[in-house]
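Biologist: Can you walk me through the charged side-chain contacts in this one? I'm new to it.
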Amino acid sequence: MDLITPDIGIVFWTTVIFLVLLLLLRKFAWKPIMAAIDARNKSIEDALKAAEKTKEEMVQLQADNEVILQQAKKERDSLLMEARDTKEQMIAQAQQEARVEAERITQKALQSIELEKQKAIVELKNTVGELSIDIAEKILRQELTDTKISEKIISQSINDLKLN
Amino acid sequence: MIHRFQNIFFILFFIFGVSTQIFGSEGAQEKKGVDVNAIIFEHIADNHSWHLWDVRDDDGVKQAVAFPLPIILVSTSPFAFDVFWSSEFHHGDHPVTRGNNTYVLNHGTIYYAQNTQGDLEYDEEGEIISAKPIDISITKNVFTMLLVSGLMFWLFVAVAKAYKKRSGLAPRGVQGFMEPIILFVRDEIAIPNIGHKKYKIFLPYLLTAFFFIWFLNLIGLIPFFPGSANVTGNIATTAVLAMFTLVITNVYANKEYWRHVFAMPGLPAWLLPIMIIVEIISIFTKPFALAVRLFANITAGHIIVLSLVSLIFIFKSLSVAPVSFFFVLFMDVLELFVATLQAFIFTMLSALFIGMAVAEEH
């Protein structure tokens with residue numbers, strides 16, 4: 001049957017055509033196409049890798065930022081704390097100093113009061129002494145007979161006496 | 001494996017099923033004057049001219065409208081090289097004389113005629129026993145192959161240029177259409193079967209074979225010019241393609257492959273002579289199966305489509321036409337799938353055979 005008998009012409013031409021086509025396409029089509037696809041795939045892969053790397057760097061950067069922020073916060077807190085402590089310390093110190101000063105002033109005042117008092121007492125004593133002497137002198141000088149009158153004079157003199 | 005057998009049985013069933021149908025109705029056709037069998041086999045066979053359509057001339061005689069193709073004939077003793085247009089045969093009616101040789105075209109075959117009148121030698125049973133020149137004419141099939149080759153070259157060089165022009169960018173247009181197919185051949189056929197290390201050597205062959213077979217299958221489905229040539233349904237074409245796989249497989253085969261052929265490891269010595277024969281036969285059966293599978297699938301498809309169309313002429317009734325129309329439509333869609341599938345299977349099995357021959361020792 002013709003159908004399954006290979007024809008020499010077809011065998012010849014198929015061999016020639018296919019071989020030439022194979023060699024031509026290999027040189028002018030398949031190799032450039034494959035090279036281009038490989039190059040493109042590589043560039044895409046590289047780009048993806050770079051993106052991934054950048055992403056990682058970003059994450060790293062963010063983590064770093066977080067750490068720095070935390071540190072800054074901590075520093076701020078400690079500074080605030082320190083400031084507060086200092087403030088309290090200063091207030092306490094000031095109060096203390098004020099108290100000591102007040103104490104000192106009070107003490108001084110008391111001392112001077114005491115001193116004045118002593119002075120006054122001494123003066124009073126002196127005055128009373130002088131007055132007594134004056135009174136005694138008056139009594140003695142007038143030689144009052146009546147006791148009543150003398151008493152009156154005495155009490156009057158005492159009333160006149162002003163204890164400044 | 002089972003699927004492949006089913007496939008072959010299915011196709012054999014179709015070939016023989018359809019054949020008996022045609023042969024069975026032969027008697028009835030002669031009465032009605034349409035020899036469907038002859039028409040079908042004429043359509044699936046190669047031809048020296050490209051028949052387009054028939055017209056009736058003024059005398060009411062049917063004349064074929066065909067465009068001529070170059071006839072190239074080589075004679076060995078004495079050496080002669082004759083080239084002329086197929087139109088000189090007048091569709092086989094006229095002998096053509098060149099120098100000392102007179103050629104006659106008889107049912108698609110060119111013979112040396114005994115005399116310039118174009119008489120042939122017959123034996124007692126009426127078979128032609130005249131000698132034949134070596135016929136390397138540009139027949140319908142060869143012309144189609146040239147056409148497809150030109151188309152493929154133009155197409156894929158354009159695709160390659162698109163890659164150069166749009167370097168690094170997403171594929172577009174015909175490049176975008178072809179790239180997934182090219183990558184499919186690389187990633188699903190070449191790499192899994194041959195392996196990452198060596199696939200690059202064989203990829204150009206696999207790609208060329210795949211697209212060559214696929215395009216020829218598809219162009220064969222077009223019922224008019226420039227289609228209709230049953231190239232991949234020609235045993236010579238498929239045999240040559242399979243031969244390429246055979247040669248590549250055995251040229252690139254490594255030591256391990258030949259050790260399996262000539263000294264199958266782990267086999268008792270007395271079995272070796274038998275196994276060597278079996279293995280050597282298997283070297284040739286693999287490509288033989290490739291050739292027959294492609295040939296049978298495509299030829300079967302063409303026969304079925306032609307038979308379905310012929311139903312109209314067998315029944316001599318236009319009312320069969322809608323039935324034929326839908327069956328042919330169905331078959332054509334199926335053939336569209338088969339065209340792709342067979343191109344894939346040929347490439348896949350070629351890759352598998354090559355892969356087995358170059359596989360690393362493990």
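**Salt bridges**

Modeller: Start with B:R98, which forms a salt bridge with B:E88, with 2.9 Å between the closest N and O atoms. A salt bridge is a side-chain nitrogen of Lys or Arg within 4 Å of a carboxyl oxygen of Asp or Glu.

Biologist: Where do B:R98 and B:E88 lie in chain B?

Modeller: B:R98 is in strand β5 (residues 96–98), while B:E88 is in the loop between β4 (80–85) and β5, so the pair ties together parts ten residues apart in sequence. Strands (E, at least two residues) and helices (H or I, at least four) are DSSP runs, numbered from the N terminus.

Biologist: What should I know about the model and its labels?

Modeller: This is a predicted model: local features need pLDDT of at least 70, side-chain atom pairs 80 or more, while totals for chains, interfaces and linings use all residues. Residues count from 1 along each chain as written, chains are lettered from A and ligands numbered from 1 in written order, and side-chain values use heavy atoms, without hydrogens and water.

Biologist: How many salt bridges over all chains?

Modeller: Ten.

Biologist: And B:R186, buried or exposed?

Modeller: B:R186 is buried, at 8% relative accessibility. Buried means under 20% relative accessible area, exposed over 50%, partly exposed in between (1.4 Å probe, protein chains only). The B:R186 side chain meets that of B:D187 in a salt bridge (2.9 Å, N to O). Shared partners join A:D38, B:R186, B:D187 and B:K200 into one network.

Biologist: Which side chain meets A:D46?

Modeller: A:K42, in a salt bridge of 3.2 Å, N to O. They are four residues apart in helix α1 (residues 8–142) of chain A, so about one helical turn separates them.
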